[in-house]
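Please open the model in your viewer and keep the sequence panel beside it.

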Amino acid sequence: MISKNLYEVFTVQPFGGTDIKEAVEESLKISKKKDCIVSLSFNGVPLEIYPSTDIGKVVEEYHKKIRGSKEHP
C-alpha cells in the first residue's frame, strides 16, 4: 500500500557540523513521522530519504558520489 503522503516532499537543510549519518538519521525520522519523502543536499550531493530507507546504504552511496566527484573534477 502506497501512502498518499509519499508524494509530498519535505526539504531539509542539515546544520553545519552534522555528519552524513546524523543527517540521514534525522531525515529518516522525519520521513517516518510524516510518511513522506525527505529531500536534502549534503555537501552538494542530493539525497532522497523514504520511510524504508536503509541508513547504511545511503551513507555508502554518498561516499561513493563524493569520491567520484573528486576523481573527476
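The tour below says what to select at each stop.

This is a predicted model, in which local features need pLDDT of at least 70 and side-chain atom pairs count only at pLDDT 80 or more, while totals for chains, interfaces and linings use all residues. Residues are numbered from 1 along each chain as its sequence is written, and side-chain values use heavy atoms, with hydrogens and water left out.

**The whole chain.** Colour the protein chain by secondary structure and you will find 2 helices and 3 strands, running β-α-β-β-α from the N terminus on; helices (H or I, at least four residues) and strands (E, at least two) are DSSP runs, numbered from the N terminus.

**Ser31.** Next, select Ser31, which is found in helix H1, residues 20-34. Is Ser31 buried or exposed? Ser31 counts as buried because its relative accessibility is 0%, and buried means under 20% relative accessible area, with exposed over 50% and partly exposed in between (1.4 Å probe, protein chains only). Leaving aside residues up to four places away in sequence, Ser31 touches Cys36, Val38, Ile49, Tyr50 and Pro51, where contact means heavy atoms within 4.5 Å.

**The largest pocket.** Now select Val12, Gln13, Pro14, Phe15, Thr18, Glu22, Ala23, Glu26, Ser27, Ile30 and Leu40, which line the largest pocket. A pocket is an open set of points on a 1 Å grid over the protein atoms alone, where a 1.4 Å probe fits, with protein on both sides within 12 Å along at least five of seven lines, and lining residues have an atom within 4 Å of a point. H1 gives the most to this lining, with 5 residues.
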